[in-house]
Protein chains: 2
Amino acid sequence: MSSVDKQLDDLKAEIDSEVPADITVSDVTYEGPELVLYTPHPKQFARNGDLVRNLASKLRKRITVRPDPEALSAPKAAEDEILSVIPEEAGVTDLDFHQDTGEVVIEAEKPGMVIGRHGSTLRDITKQVGWTPEVVRTPPIESSTVSNVRNFLKQERDDRRDILERVGRQIHREEMGRDQWVRISTLGCCREVGRASFILSTAETRILIDCGDKPGAEGEVPYLQVPEALGSGANSIDAVVLTHAHLDHSALVPLLFKYGYDGPIYCTEPTRDLMGLLQLDYLDVAAKEGRTPPYDSEQVRETIKHTIPLEYGDVTDIAPDVKITFHNAGHILGSAVTHFHIGDGMYNVAFSGDIHYQDTRLFNGAVNDFPRVETLVMESTYGGRNDYQTDQADSEEKLIEVINETYDKGGKVLIPAFAVGRSQEIMLVLEEAMRTGKIPEMPIHLDGMIWEATAIHTTYPEYLRDDLRDRIFHDDENPFLADQFNHIDAGEDERQEVADGDQCVILSTSGMVTGGPIMSWLRHLGTDPDSRLVFVGYQAQGTLGRRIQNGWDEIPVNDSYGGGRSNTLSLNMDVATVDGFSGHADRKGLMDFVKTMNPRPEKVLCVHGDERSVQDLSSALYHEFNMRTFAPKNLETFRFK
Amino acid sequence: MSSVDKQLDDLKAEIDSEVPADITVSDVTYEGPELVLYTPHPKQFARNGDLVRNLASKLRKRITVRPDPEALSAPKAAEDEILSVIPEEAGVTDLDFHQDTGEVVIEAEKPGMVIGRHGSTLRDITKQVGWTPEVVRTPPIESSTVSNVRNFLKQERDDRRDILERVGRQIHREEMGRDQWVRISTLGCCREVGRASFILSTAETRILIDCGDKPGAEGEVPYLQVPEALGSGANSIDAVVLTHAHLDHSALVPLLFKYGYDGPIYCTEPTRDLMGLLQLDYLDVAAKEGRTPPYDSEQVRETIKHTIPLEYGDVTDIAPDVKITFHNAGHILGSAVTHFHIGDGMYNVAFSGDIHYQDTRLFNGAVNDFPRVETLVMESTYGGRNDYQTDQADSEEKLIEVINETYDKGGKVLIPAFAVGRSQEIMLVLEEAMRTGKIPEMPIHLDGMIWEATAIHTTYPEYLRDDLRDRIFHDDENPFLADQFNHIDAGEDERQEVADGDQCVILSTSGMVTGGPIMSWLRHLGTDPDSRLVFVGYQAQGTLGRRIQNGWDEIPVNDSYGGGRSNTLSLNMDVATVDGFSGHADRKGLMDFVKTMNPRPEKVLCVHGDERSVQDLSSALYHEFNMRTFAPKNLETFRFK
Ligand SMILES: [Zn+2]
Ligand SMILES: [Zn+2]
Ligand SMILES: [Zn+2]
Ligand SMILES: [Zn+2]
Ligand SMILES: [Zn+2]
């Protein structure tokens with residue numbers, strides 16, 4: 001008998017001795033980090049309100065109860081009963097019964113009302129029909145990404161359960177009890193921005209953290225081939241942990257499956273969906289630019305299928321000696337500062353991922369409060385000694401001024417923006433400014449992936465700043481549903497119409513004017529001296545956006561939008577730049593993140609910044625806070641314990 | 001056709017165009033780092049004195065010429081002809097003909113006379129008989145190790161040629177031309193003494209440097225199991241380089257063959273022989289102490305069979321992008337400072353191994369002059385701020401004083417000593433002192449492996465200090481052959497006889513009184529208040545030697561010598577300690593090694609020393625010479641390029 005089977009037998013014996021005599025537990029098994037209990041008596045379980053919670057705290061496991069098939073009402077009858085238990089205002093939009101696991105997935109506009117106070121409504125459902133309810137939110141804005149992911153996971157349930165069982169046994173394997181050490185190996189994003197990738201290793205376990213590309217440098221991928229990474233096979237790593245969906249952290253995760261990886265990806269649920277969206281777009285862009293992408297959509301699907309979503313604050317076993325917890329990072333939807341608790345308290349490491357330390361309109365500031373942390377691996381994008389940003393309040397005022405001026409001239413405002421994060425922040429600024437009369441009411445057109453990304457944001461309001469979440473939850477004042485917002489979904493005809501029409505604001509990808517519908521908008525509006533092009537995000541060296549900022553006014557416009565015409569455009573529209581909407585903490589934010597961090601770590605590795613930024617930040621942290629700081633190179637290994 | 005075959009074809013074509021019309025080259029092949037030419041015209045090759053040298057410098061390869069079988073005289077006839085060419089004073093002791101390679105191995109007391117001026121006698125031999133002569137020295141003192149190794153290699157010639165051909169193709173494989181980087185990973189002997197082991201890696205190549213045990217800590221072996229070491233299989237490394245034969249550098253090399261390693265071991269010839277001696281003793285000691293050794297003598301033989309000996313100063317290709325050169329380290333016979341020339345000048349690393357910077361009686365001081373060095377990995381045994389040793393001249397005087405005093409009292413001098421290195425140094429001191437009348441003539445008994453180790457030293461006078469070598473070469477004044485030296489080779493009876501006899505000096509292993517014949521000598525002499533126990537080497541914490549130094553006078557003597565009697569002995573003999581005979585540079589020697597090093601490296605990794613020693617040395621080098629210095633931990637990886 002394997003040690004995991006022995007462990008499960010012991011757990012079952014302990015559970016049998018804890019549950020009341022009228023409840024039978026027919027089987028226990030692991031699925032990913034969770035312990036699954038099978039029972040012919042799901043209704044009795046539901047009646048004993050605290051039973052599952054008590055078992056979970058006693059066994060120190062996350063527990064799911066699954067009814068045996070014979071304990072279930074027939075789906076048709078169950079459906080009626082369930083709908084009679086849930087208040088009508090919950091807005092149930094779909095019920096999906098899974099005979100194999102006894103789960104019923106309830107999609108509702110107001111998931112809270114399906115859950116009830118402390119889960120009481122869920123328990124009522126089980127008491128009535130035996131089925132285990134699982135609740136998901138109906139996206140307030142229809143998102144093809146979210147529905148594709150959900151449909152795909154539904155269709156792959158059997159495969160997925162096999163994966164979860166395998167992962168579960170892997171997580172709960174017996175420790176070899178070898179030496180104790182904790183190491184971090186750097187595979188990318190050291191003294192550079194891009195291709196984020198690290199290995200966190202102990203004598204038992206190896207975990208890959210992020211696996212991104214380097215925008216603008218196709219060949220420079222993380223050093224996955226070295227022995228301490230995947231050199232001895234992709235399955236030599238236990239788990240992949242993804243801090244957030246940006247491509248410089250996630251682009252090459254699907255490649256792992258091409259290399260034969262077959263293990264779990266841990267991230268938040270919105271990160272999973274955004275990652276799927278961005279990876280498919282990454283393939284799309286590569287195809288459009290005539291490059292052969294390193295993987296195809298099949299591996300994106302594998303990635304989704306292997307993802308185990310975790311919520312902020314959930315302490316989760318991902319290996320015999322490693323627990324992780326995600327915390328809000330304030331950077332983009334679902335972005336996570338990730339805390340690794342190693343060897344039962346032996347050592348603790350926090351990876352910042354990308355962070356924003358101040359609150360923004362979209363997100364609360366990054367969490368920097370942990371039970372214990374000895375080492376922090378920290379982004380340093382704006383770690384340079386002069387990398388201070390304008391206050392967002394000032395930036396907003398400036399943006400409003402620019403829009404009003406343009407409106408008065410009868411022109412249109414064109415804003416190149418990244419689909420994920422910055423677009424939604426600007427949308428919130430504009431919505432409020434119109435609502436409070438600071439700028440006139442006019443249409444705000446959203447082109448490219450912005451609409452889709454916004455839809456994903458509205459699917460996960462729990463991940464947004466608390467007052468924004470409350471507006472969406474309680475007041476039906478979802479700002480993203482404001483009437484001004486228009487999705488450009490009818491292509492060139494619609495753009496022509498908008499260009500010929502009255503004053504408006506247009507938000508369009510790509511954010512650095514490197515392709516996408518912004519190219520078409522430049523053709524429509526670029527010659528109009530009354531209109532304005534407004535940059536609200538960082539324009540990297542070598543991009544068309546940066547060139548325009550630098551004064552170029554002859555622009556090559558040979559993109560695929562509008563039939564691939566290739567010619568040059570004389571840019572007559574005004575160009576303005578409004579700084580201060582960054583998703584990254586500035587130098588002050590990074591210093592404050594460490595200054596107020598609780599507890600203060602002993603060591604900091606400064607990564608994810610150019611050479612100057614990591615050196616400056618490393619030196620500043622050393623001098624101000626007397627910590628041991630490092631500016632690692634790629635391909636190094638640091639031992640902490 | 002493989003790239004190596006293509007390369008060999010190209011080389012053959014080039015050679016064909018270079019050699020005179022009357023010489024045919026029938027085939028070319030690689031054996032280890034050498035290029036082997038086969039020819040039906042060995043005599044013509046020998047007649048063209050400069051031909052091989054010119055080819056070697058043109059092709060930048062080491063070249064060996066092998067006659068085709070039909071070009072060879074019959075061995076019986078050849079033997080007579082060879083003996084007629086070689087001067088009688090050369091003292092030929094053996095001729096061994098190898099039909100397969102056309103080589104004849106000539107063992108002679110004076111190899112130089114077989115070689116002749118600039119190799120003229122060797123060429124004369126080939127001109128006469130076609131055979132390729134190879135010369136080895138007849139050990140002046142018979143060494144069972146040397147003869148065992150030579151006989152074993154003779155018997156395994158076929159296997160060995162297969163190995164060399166395989167290694168040769170591996171060395172000359174085509175580079176993948178991936179990224180350029182140079183890294184060192186630490187697997188042992190960082191912030192500790194013992195289990196020396198490192199990986200030097202580039203994108204093409206991974207080399208294991210040393211693989212030792214940790215004396216007094218059986219369980220603490222190098223971290224071979226990690227992915228950057230042998231984690232993905234023992235054959236994932238290209239080569240093993242061994243700095244010297246001490247067990248803290250060599251003990252676990254045979255274990256690699258148990259793990260499936262099948263590649264080359266590079267070291268000097270004396271290191272190979274001493275390593276064999278010490279490894280077999282290591283197995284012996286383990287067996288005596290009832291421990292199961294991690295490998296057996298079969299793997300020691302595999303190690304010998306896979307060893308490719310290199311001479312000091314030979315620049316040798318060991319991988320497509322790595323050349324090594326050994327230089328005298330002054331520490332023990334054959335010990336080498338090892339220089340790695342990487343990527344055609346891209347980067348240069350020197351590993352000090354263990355060093356002695358000053359000249360001693362046995363060895364010239366360590367070489368610290370290189371074409372280029374960017375990084376030095378340096379031993380720090382005596383790197384602590386107070387680790388200064390007595391001058392050897394003063395130590396010698398003190399030793400002489402102690403011996404004279406004991407002689408005058410009618411007692412005997414018992415010196416526990418390490419078989420390799422320190423014993424021979426003391427032998428030279430005593431031989432000179434008796435020759436010059438500083439101490440009375442009396443027998444010097446050598447017990448344990450000392451005699452055998454001394455025999456190995458006399459086999460390789462080229463590796464000894466130049467004036468000592470000259471005495472052995474030119475003057476027949478080999479001090480090790482002095483009449484006073486007596487090999488204790490008749491066991492307990494002989495020891496009893498010596499103990500009952502007149503004044504004498506006894507050198508016996510083990511050096512730290514942890515077992516071996518010294519235990520028997522203590523039983524024989526320990527109770528004699530006129531005799532003296534004299535420590536001349538470092539006594540580690542926890543050894544019986546250290547305890548006796550600290551004043552213990554009740555000694556457990558339950559060893560296997562003398563029938564395993566177990567009882568306690570009251571030590572009445574005098575105890576003295578004479579410092580200053582260390583094989584390691586002291587603090588000043590280490591600092592001077594770096595100070596006078598040419599060129600001065602940019603970075604130094606301080607290893608092979610306890611925590612305090614490496615920190616002290618690292619800090620001193622930083623402050624005195626403004627270099628970047630590190631005191632690595634085990635299991636770290638440093639990237640240099
Ligand atoms: Zn189903
Ligand atoms: Zn990011
Ligand atoms: Zn990033
Ligand atoms: Zn040594
Ligand atoms: Zn050593």
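Mentor: A salt bridge here is a side-chain nitrogen of Lys or Arg within 4 Å of a carboxyl oxygen of Asp or Glu. By that rule, the interface of chain A and chain B has 2 salt bridges. The model is predicted, and the values that follow are computed from it. One of the salt bridges joins A:Glu228 to B:Arg183, with the closest N and O atoms 2.6 Å apart. Polar contacts across the interface of chain A and chain B come to 11 residue pairs, both residues being at pLDDT 80 or more. On the side of chain A that touches chain B, helix H9 (227-231) and strand E28 (637-639) of chain A each supply at least two residues. Strand E28 of chain A gives the most, with 3 residues. By residue type, that side of chain A divides into 6 nonpolar, 4 polar and 9 charged. In total, 19 residues of chain A are in contact with 19 residues of chain B. The size of an interface is often given as the accessible area lost when the parts come together. For chain A and chain B the buried area is about 1800 Å², with 50% of it on carbon and sulfur atoms.

Chain A also has a contact between its own domains. The domain assignment divides chain A into domain 1 (3-153), domain 2 (161-171 + 182-386 + 584-635) and domain 3 (392-577). The C-alpha centres of domain 1 and domain 3 of chain A are 43 Å apart, and their contact takes 11 residues from domain 1 and 15 residues from domain 3. Between them these two domains of chain A bury about 970 Å², 58% of it on carbon and sulfur atoms. On the domain 1 side, A:Arg137, A:Pro140 and A:Ile141 supply 58% of the area buried against domain 3 of chain A, more than any other three residues. The count of salt bridges between domain 1 and domain 3 of chain A is 1. A:Arg137 forms a salt bridge with A:Glu462, the closest N and O atoms being 2.8 Å apart. Helix H7 (residues 144-155) of chain A provides the largest share of the domain 1 side that touches domain 3, 4 residues. That side of domain 1 of chain A is made up of 4 nonpolar, 3 polar and 4 charged residues.

One residue remains. A:Ser352 lies in the loop between strand E16 (347-351) and strand E17 (375-379) of chain A. A:Ser352 counts as buried because its relative accessibility is 1%. The side chain of A:Ser352 reaches the backbone nitrogen of A:Glu379 at 2.9 Å.

Terms used. Residues are numbered from 1 along each chain as its sequence is written. Chains are lettered from A and ligands numbered from 1 in the order in which they are written. This is a predicted model: local features need pLDDT of at least 70, side-chain atom pairs count only at pLDDT 80 or more; totals for chains, interfaces and linings use all residues. Side-chain values use heavy atoms; hydrogens and water are left out. Domain bounds come from an automatic or database domain assignment. Contact means heavy atoms within 4.5 Å. Buried area is the accessible area (1.4 Å probe) that two parts lose on being put together, summed over both. Ala, Val, Leu, Ile, Met, Phe, Trp, Tyr, Cys and Pro count as nonpolar, Asp, Glu, Lys and Arg as charged, and the others, Gly among them, as polar. Buried means under 20% relative accessible area, exposed over 50%, partly exposed in between (1.4 Å probe, protein chains only). A polar contact is a pair of N or O atoms within 3.5 Å; within protein, one must be able to donate a hydrogen and the other to accept it, and residues adjacent in sequence count only if both atoms are side-chain atoms.
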